[in-house]
Amino acid sequence: MSDDLNAKMLLVHEILDRTSPPEISFLVMRDPFQFLISVILSAQTTDENVNKVTPELFSLYPDAESLASADLETVKRIIHKTGFFNTKARNIIGCSKGIMEKFGGKVPTEMDDLLTLPGVGRKTANCLRANVLGLPGIVVDTHFSRVINRVFDLGTRDPLIVENFVCEHLDPQHWGRFSMTVNLHGRQYCHPSKPECAECPLKNQCAEVAKVPL
Ligand code: SF4
């Protein structure tokens, strides 16, 4: 059974790898610190909104040292468009302070260290590891968990269960690319309601389609 799941996971990865653009990036790519702050700001909003506010934010506060001592009200004003700006402003200043105080101004790379920073959960940490640091990481957001749940009939969208399931059945070298292609697939085909199954390149592998044939 496990071998079957490994083979199916690899096949899904290969199909999405082949049918997706070679480069997929939703946030403007920057150095690890600015990328980490951008991912924290992306919670509950679109990446487009984040990309609108970060030029001003990083022109004033380009690194952990400057953002750690930033004026809270100024930061709130700048990031206002991303929503939840009170919490996000406190988190990105707190995250910068944590980087300065615990890690000498350098963004840590280990999961346990990243999780000590305000505003950083597993999704944010894995996003940084996979996209910027070149380390293995499965980025489980709402799109990713919806697609995996449907294709593998997982019966849950719990982020940690979904992450562990994929980690168990896919080689770590594919995790970063798989995170991006599954996410894009969720946005393009596998919508929350009315997924475009007839056009979907995964339709022959998908458990959801097997339950309700096209
Ligand atoms: S076949 Fe439908 S439900 Fe399955 S992954 Fe594709 S769009 Fe989603």
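**Domains and core**

I started with the domain assignment, which gives domain 1 (2-24 + 138-211) and domain 2 (32-131); such bounds come from an automatic or database domain assignment. This is a predicted model, where local features need pLDDT of at least 70, side-chain atom pairs count only at pLDDT 80 or more, and totals for chains, interfaces and linings use all residues. Residues are numbered from 1 along each chain as its sequence is written.

I looked up the spacing next: the centres of domain 1 and domain 2, over C-alpha atoms, are 28 Å apart. Nine residues from domain 1 and six residues from domain 2 make the contact (C-beta atoms, placed from the backbone, within 7 Å). On the domain 1 side, α10 (159-169) and α11 (175-188) each supply at least two residues (helices are DSSP runs of H or I, at least four residues, numbered from the N terminus).

Then I checked helix α2 (residues 32-41). Nine of its 10 residues are buried, so α2 is largely enclosed by the rest of the structure (buried: 20 or more other C-beta atoms within 10 Å of a residue's own, placed from the backbone). Among the helices its buried residues pack against are α3 (47-60) and α6 (85-103).

Last, I asked which residues touch the most other members of the largest nonpolar core, 51 residues in total. They are L36, I40, I92, L128, F144, I148 and V151 (core: buried Ala, Val, Leu, Ile, Met, Phe, Trp, Tyr and Cys joined through C-beta atoms within 7 Å). α2 gives the most to this core, seven residues.

Terms used:
Two residues are in contact if their C-beta atoms, placed from the backbone, lie within 7 Å. A residue is buried if 20 or more other C-beta atoms lie within 10 Å of its own, exposed if 12 or fewer, and partly exposed in between; C-beta atoms are placed from the backbone.
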